[in-house]
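Please read the points below with the model open beside you, taking them one at a time.

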Amino acid sequence: LVEINRMGAERARKEMGDVQRDAVEFRIILGACIAAVLVLIGIMLTRVLARNERQLRDKTHALEDKNRELDAFASRVAHDLRGPLSAVSVASYLLGERVPQQAKVTGIVQRGVEQMTTLVDELLELSRIGVTANATGRTEPVAASIAEELATRVRQAGGTLRVDLEPAAVRCSEGLLHQILWNLGENALKYRRPEVAPAIELTGRAVRSAYELTATDNGLGMSHEDAAHMFEPFFRAQRTRSIAGTGLGLSIVRRIIDGCGGTVTVTSELGRGTRIVIRIPLADASERARDEPDRAAR
């Protein structure tokens, strides 16, 4: 009986060992199968992502080519329009001199030609903006020229102008930075409240790795719906369409900001004024970003 029990125990241990071994082998095989499936899925996903990335890159290049073609087309059309407009302007001027009694009619023609010329000039400006990441400029000369150019117009309107730009090098050419500030200042002056003296401020400060430009005014202000469309080409709010303008100035500003890798936010209230904050990368943004952890640690 003892021998039988011993043999039975040995047989049971052997069967248990076989079961455990089979279980381990099954787990190994199952793990290998799962790993192989995951590898295959990973390879398939990698190929799909690579194909999608390649297609996206191709479409991006095609879109950039189309945009360049559209810019070149707009530039050619705008340039070709200047000739006929100049001819109409000269003809209306001569007609006004020869037929004084038609001065009212020729005046209407002259104003129309001036408006069209302004529109053509802004279309040309919009098509010529080619911003590169390597373009840099200083804020000091821009601040001086903007203060000089806008001060007279603001004084004539009985208002005040404050231009305070902290000296810095930004990732935007001085010409384009001047264009941004000029358009913002001109808009603030143009869309002022008739019963209130305009108060315009253009300030700039270096904040971490970006330069923060802020334009504030006490003008007409905008509704939330109008503010959402203010940077769209040719957009004119219903309540300001009686004021002369083309609706391209802020589109030019937005295009420059995008080209410089910047951002813009707008806060406005009807009858109270508008505040526009533009953030443009500093020319030495990478160096500042590397220095900040060291300064924080110290």
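1. Helix α4 covers residues 174-190, and its 17 residues reach 24 Å from the first C-alpha to the last, close to the 24 Å expected at 1.5 Å a residue, where the expected span is 1.5 Å times one less than the number of residues. Helices here are DSSP runs of H or I with at least four residues, strands are runs of E with at least two, and both are numbered from the N terminus. Of the 17 residues in α4, 13 are buried, that is, under 20% relative accessible area, while exposed means over 50% and partly exposed lies in between (1.4 Å probe, protein chains only).

2. Please keep in mind that this is a predicted model, in which local features need pLDDT of at least 70 and side-chain atom pairs count only at pLDDT 80 or more, whereas totals for chains, interfaces and linings use all residues. Residues are numbered from 1 along each chain as its sequence is written, and side-chain values use heavy atoms, with hydrogens and water left out.

3. R275 belongs to strand β7, residues 273-281, and counts as partly exposed because its relative accessible area is 42%. Although R275 and A188 are 87 residues apart in sequence, their C-alpha atoms are 9.9 Å apart in space.

4. In helix α6, residues 249-259, the buried residues include L250, I252, V253 and I256. Just after α6, G261 takes a positive phi of about 75 degrees.

5. I41 is found in helix α1, residues 2-98, and I41 counts as partly exposed because its relative accessibility is 39%.
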